[in-house]
Amino acid sequence: MTELFSNLALGFSVALNLTNLMYCFIGVFLGTLIGVLPGIGPVATIAMLLPITFNLPPTPALIMLAGIYYGASYGGSTTAILVNLPGESSSVVTCIDGYQMGRQGRAGPALAISAIGSFFAGTVGTVLIALFGPPLAELAFEFGAAEYFSMMALGLVSAVVLAHGSLIKAVCMILVGLLLGIVGTDVNSGMARYSFGISELSDGIGFVSVAMGMFGFGEIIANLEQGIQREVNTSKVGSLMPSWTDLKMSFGPIMRGTALGTIFGLLPGSHTVIAAFSSYTLEKKLTKDPSRFGKGAIEGVAGPESANNAAAQTSFIPLLTLGIPTGAVMALMVGAMTIQGIAPGPQVMTQKPDLFWGMIASMWVGNLMLVILNLPLIGMWVQFLKIPYRLLYPGIILFCCIGAFSVNNSPAEVYLAAMFGFFGYFSNKWGCEPGPLLLGFVLGPLMEENLRRAMLISRGDATVFFTRPISAGMLIVAIFLLLIIVVPQVRKKREEVAYESAD
Amino acid sequence: MLIRSAAVLSFSLLVSNAPVLAQTANYPAKPIRIVVAYTPAGTTDILARTIGQKLTEAWGQSVIIDNRPGANGNIGTEYAAKATADGYTLLMVTAGTHGINPGLYRKLGFDAVKDFAPVSLVAMVPNIFVVNNAVPAKDLKEFIAYAKNNQGKLNYGSPGNGSTAHLSMELFKTMTGLQMLHIPYKGSAGVLADLIGGQIVLTMDNMPPYVPQVKAGKIRALAVSTTRRSPAVPEVPTVAEAGVAGYDSGAWFGLVAPANTPKDIVNKLSRETARILKLPDVSARLADLGAEPVGGTPEQFSAHMKAEIAKWAKVIKDASVELQ
């Protein structure tokens with residue numbers, strides 16, 4: 001314990017050094033900014049700033065880059081709530097209820113609760129890294145292909161819960177998402193599928209293009225269709241801060257979201273998006289009145305926002321303690337460390353304690369800065385809604401296009417986003433929600449990859465999914481969940497049939 | 001008539017040559033762009049940025065790194081092949097785009113030899129042969145014996161179909177007569193995690209992410225794939241030394257320009273690259289990547305590239321690996 005305190009003391013002495021504080025601020029400020037701008041994600045930003053870090057000492061450089069990442073997951077919820085546009089891939093879920101809150105004039109409380117939830121999650125994440133970083137990271141080694149497959153299966157079943165409308169439509173959207181996820185090079189055989197010889201499609205369809213098209217563009221087209229009659233949600237901007245009831249209702253979701261996010265962040269290859277989706281599903285299952293979800297339930301903002309920020313924090317654990325990056329941003333951090341002459345691996349903690357503990361302390365400092373930075377900004381963001389829509393939407397489209405282009409420096413992503421915009425518009429018309437589609441799109445390829453890898457390793461023996469305890473446990477939960485979803489529906493049908501025949 | 005057309009011809013030649021000559025004399029007169037067909041912060045990207053930074057310092061022109069990732073490097077490579085051949089667009093190529101891919105893909109949007117003017121080989125990065133700690137073998141000879149007793153049962157990982165890790169192991173398999181199953185991943189991070197976790201038994205992947213794990217005792221290194229030992233792990237023998245005579249593979253990186261780039265510009269770039277690669281801070285940065293600086297003339301690089309394409313085409317054919 002004394003060791004922990006001396007480590008934290010070292011960490012804070014590094015993090016509170018004036019230069020490091022400044023770079024931390026630059027990082028979280030830039031992060032918030034790019035989080036707010038739709039489509040421009042931390043990957044593109046960190047990539048652009050990498051050359052600058054060439055000439056910086058390692059600690060401030062990494063503190064700044066880390067700040068961009070978790071800052072972006074803070075800022076991403078802003079446009080999701082205000083204009084139904086996920087600023088960051090992880091805020092897709094926030095669109096569902098956050099935007100509805102905004103339409104009811106409750107954008108202020110939605111923004112505030114997402115900042116508070118994120119801060120709480122960030123604090124817990126930081127404490128966890130400090131206390132249990134190394135043993136937690138070892139968890140990743142317990143997860144093989146079979147476990148990942150079962151986890152994804154569980155996620156997919158729970159995706160059905162996401163829908164607040166028709167169950168059939170939700171299942172259809174998941175299937176369309178799965179099919180879209182198949183596009184691209186098959187990991188196992190190396191064959192290109194549904195790429196039609198277009199090399200831009202050989203790596204699959206980008207998440208940003210789909211999310212931006214389905215949510216952002218689709219929404220804009222639908223709004224423009226309504227012409228002048230389009231509701232102006234600013235006319236009824238209520239209180240900026242959440243009420244006491246709001247806070248009480250959000251407490252549980254923030255706690256559970258933080259716990260879920262913490263676990264998902266640790267696992268290589270999983271996504272902050274999955275963490276947010278799971279939290280949403282869980283909250284919807286736990287609440288007394290699920291019908292409020294999708295219509296502006298504050299739990300649907302508090303939970304997922306806490307989950308994605310917790311995941312953003314804990315995803316640093318495998319990188320810092322083991323040298324294993326869990327996603328695209330962490331892979332960039334590996335590059336940044338390499339440029340600085342630090343080989344990411346188990347030795348970083350012992351050989352560079354000032355860097356390791358300094359980064360951890362700076363994350364907490366950064367989270368504090370973010371909440372201080374973001375709470376007063378809420379008033380300004382809400383004012384933003386007063387801009388007439390005819391002036392607002394071209395700007396949104398412009399930033400979306402820049403964002404889509406910046407993913408791979410390729411115009412193909414912009415065309416794709418435009419195509420998904422029309423698709424999003426029509427699915428909106430048909431009452432099909434984009435949420436389940438996106439989850440299918442994210443989980444599908446991961447699920448297939450791990451299913452086939454598990455089967456390759458087991459030489460075609462499908463029992464591996466049940467002989468490995470973690471995998472079996474998750475599959476049992478998935479089957480159980482499926483039963484609670486399906487049985488009431490079947491029973492209802494049967495009662496209807498019985499009623500009709502008796503009639 | 002004949003004389004006149006000859007005169008016109010020579011005149012037009014003179015005219016078309018004039019700006020080229022002027023270009024060459026004051027090259028570079030504007031910013032240079034280096035296309036990188038991979039994502040930022042990867043080895044290819046860091047090498048390009050390192051060279052770019054030194055070119056800027058020497059010539060006072062900024063060097064822009066243009067990342068065009070996708071399709072195993074083919075998108076960016078095709079893009080650079082079609083760029084104007086004026087010396088202001090260069091491309092950082094790899095053992096993938098200019099060694100393996102020509103033999104791997106039936107249809108490519110570029111010709112690795114005809115569409116490019118080689119400038120200089122930049123660096124070589126050995127692959128490292130690492131095994132999970134549960135493997136009883138202490139060296140490569142023992143491993144080969146162990147694998148012979150477990151024919152077809154061992155799984156090896158690679159960061160993807162057609163990667164140097166995949167084909168290096170296929171080459172190893174053909175040379176030793178071993179049978180091991182290929183488990184492809186998306187990138188080295190997955191391979192590393194599953195290797196430590198014991199989901200797979202071995203890999204022969206690009207060195208950098210594995211060295212810290214070897215030093216921490218999480219996995220064991222049995223060999224390096226190149227013909228010379230690597231300064232990053234001097235105690236680890238080469239595959240050839242450890243019993244598979246003649247074995248040689250590994251990743252390499254080089255600088256090319258689009259074909260028809262003026263010869264003088266290519267030579268100037270080549271000489272400058274060779275000078276940069278000798279700088280001590282550059283070698284230090286390359287050492288962090290597990291890379292050894294090479295340098296050399298365009299002719300040497302051209303010969304190297306052709307030899308690599310032929311070598312990998314044979315490995316791909318022998319192991320019947322084919323994509324698309």
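Helices (H or I, at least four residues) and strands (E, at least two) are taken here as DSSP runs, numbered from the N terminus. On that basis, chain B holds 11 helices and 11 strands. This is a predicted model, in which local features need pLDDT of at least 70 and side-chain atom pairs count only at pLDDT 80 or more, while totals for chains, interfaces and linings use all residues. Residues are numbered from 1 along each chain as its sequence is written, and side-chain values use heavy atoms, with hydrogens and water left out.

For the 324 residues of chain B, a compact globule would have a radius of gyration near 20 Å, and the 22 Å of chain B agrees with this; the radius is taken over C-alpha atoms, and the globule rule is 2.2 Å times the number of residues to the power 0.38. The C-alpha atoms of chain B fill a box of roughly 80 × 45 × 30 Å along the principal axes. Of the 324 residues, 57% count as buried, where buried means under 20% relative accessible area, exposed over 50%, and partly exposed in between (1.4 Å probe, protein chains only).

Strand S8 of chain B, residues 202–206, is mostly covered, with 4 of its 5 residues buried.

How values were computed: Chains are lettered from A and ligands numbered from 1 in the order in which they are written.
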